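Work through the exercises below with the sequence and the 3D structure in view. Each task is followed by a solution in steps.

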Amino acid sequence: MTMHEITPKQVRALLLLLVVVPFIPMVLMMRFIAEARKDESEAARARAVSGYQRTLASAKSSLEKHIASRTAPMTPEEVRAFYRGLFEREVELSVVDAAGRIVGGPTLSAAKLIAETPLDPIGKEWNLRLYLVDESALRAAVREQFRVYGWTAFVLSLAIFAIAAAAALTVNQQLKLHELKNTSLATVAHELRTPLATMRMLVDTLREGRYRDAAQLREYLELITAENLRLSRLTDHFLTHSRLERGAQTFVFAPVAPRDVVEQTVAAMKSKLEAPGVAWSLEIVDPLPDLTADREALVTVLINLLENALKYTGEEKRLALRVFAEVGRVVFAVRDNGIGLADAERKQIFEPFYQVDQKLSRAQEGCGLGLSIVREIVAAHRGRAS
């Protein structure tokens with residue numbers, strides 16, 4: 001199944017899955033760390049005990065030499081003192097006789113007993129018992145080890161969430177693209193069908209001779225011409241947008257005076273700007289620096305802005321174009337008395353096919369590409385549209 005065949009409901013389910021799935025390895029990882037911490041504690045204790053036992057084994061020869069240098073037998077407390085010097089303070093020692101009675105050292109819990117060895121060189125049936133009374137050093141070692149485990153788990157968690165977030169973002173973009181394609185196809189079909197239907201109706205009327213006189217014939221022909229121009233503008237917008245999106249649009253940059261761009265735009269828009277109900281003003285604040293730009297592309301930008309202003313104003317239209325220099329840039333500012341935009345809409349109006357009124361039955365014609373083309377052309381000239 002390809003992405004365009006997946007329904008929005010399925011995509012949303014996939015998004016939810018991408019949010020939930022990362023928690024599964026997180027839970028498993030935390031469980032593993034908890035179990036590993038217990039195992040590491042036991043392993044650290046086993047390593048410590050093994051070390052103590054090696055110390056006991058290696059101390060026998062030293063004890064024999066010590067006994068040989070003495071004239072009197074060693075007492076249990078002296079034996080304990082000899083071994084006491086071999087171990088850190090976390091270990092306590094006791095000397096017991098053959099019956100297990102303590103003959104030297106304190107009485108401690110059997111739970112803390114970690115090793116017991118016979119004191120062969122002493123010549124008596126005594127055993128030395130080792131007790132682990134302070135495990136803070138072991139716990140510190142385990143904490144240090146698990147600090148490494150914790151950072152590793154943290155980095156892995158971030159990586160898992162980053163991958164999931166990237167996947168979710170990609171899927172979400174695909175969903176938006178899917179919805180945009182559906183919307184844009186419906187918009188394009190609607191916008192193309194309207195002038196075609198009008199022209200077909202007018203042509204059928206003329207072909208059947210259903211007109212009163214030459215004046216009405218001329219009126220019908222002018223309507224056909226207007227619809228043809230409308231259709232041409234739509235197809236030009238589609239083609240221009242397609243070329244810009246694919247990076248196939250070629251711009252010819254050359255020195256151009258901003259006044260020349262404005263004059264060419266006004267000449268192209270003359271009939272619309274001088275139409276009844278339109279109040280139009282132009283202000284050019286000299287001096288203006290020349291631009292290095294594609295003149296025809298800038299004319300397209302201004303035409304699209306002015307047509308958009310005309311489209312979204314009422315019966316009494318007031319338009320103004322002001323051109324001025326600001327911080328080394330030339331600003332083309334279009335103002336109108338239109339219905340205005342909410343902040344959320346202001347951020348979206350430059351997106352392809354976006355229209356404030358999303359209904360196919362909307363009052364204004366257009367496919368939502370005019371301002372998108374403006375943004376792409378301005379960006380190609382290293383400018384900003386807002």
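## The chain as a whole

The protein chain has ten helices and nine strands; helices (H or I, at least four residues) and strands (E, at least two) are DSSP runs, numbered from the N terminus. This is a predicted model, in which local features need pLDDT of at least 70 and side-chain atom pairs count only at pLDDT 80 or more, while totals for chains, interfaces and linings use all residues. Residues are numbered from 1 along each chain as its sequence is written, and side-chain values use heavy atoms, with hydrogens and water left out.

**Exercise 1.** State what share of the residues in the protein chain is buried, and describe its accessible surface and contacts.

*Solution.* 
- Step 1. Take the cut-offs: buried means under 20% relative accessible area, exposed over 50%, and partly exposed in between (1.4 Å probe, protein chains only). Of the 386 residues, 33% are buried.
- Step 2. The accessible surface of the chain is about 24000 Å², and carbon and sulfur atoms hold 57% of that area. Such areas come from the Shrake-Rupley method with a 1.4 Å probe; for residues, only the protein chains shown count as cover.
- Step 3. Among contacts (heavy atoms within 4.5 Å) with a separation of 6 or more, 68% are between residues 24 or more positions apart.

**Exercise 2.** Give the strand order of the open sheet of four strands and name its edge strands.

*Solution.* 
- Step 1. The order is S2-S1-S4-S3, and the pairing is antiparallel. Two strands pair if DSSP finds at least two bridges between them.
- Step 2. Strand S2 (102–104) and strand S3 (113–118) each pair on one side only, which makes them the edge strands.
- Step 3. On average, neighbouring strands of the sheet are turned by 35 degrees against each other, direction ignored.

**Exercise 3.** Which residues stand opposite valine 95 and valine 96?

*Solution.* 
- Step 1. Strand S1 (residues 91–96) is joined to strand S4 (residues 127–132) by six bridges. Valine 95 stands opposite leucine 128 in S4, and serine 94 has arginine 129 of S4 as its bridge partner.
- Step 2. Two bridges join S1 to S2, and these strands run antiparallel. Valine 96 stands opposite isoleucine 102 in S2.
- Step 3. Five residues lie between the strands in the hairpin of S1 and S2, where glycine 100 takes a positive phi near 85 degrees.

**Exercise 4.** Why is S1 described as largely enclosed by the rest of the structure?

*Solution.* 
- Step 1. Six of the six residues of S1 are buried, so the strand is largely enclosed by the rest of the structure.
- Step 2. Val91, Leu93 and Val95 point one way from S1, while Glu92, Ser94 and Val96 point the other way.
- Step 3. Helix H3 (residues 76–84) lies across S1, S2 and S4, running at about 150 degrees to S1. Axes are lines fitted to C-alpha atoms, for helices over the stretch in contact, and angles run from 0 to 180 degrees between N-to-C directions.
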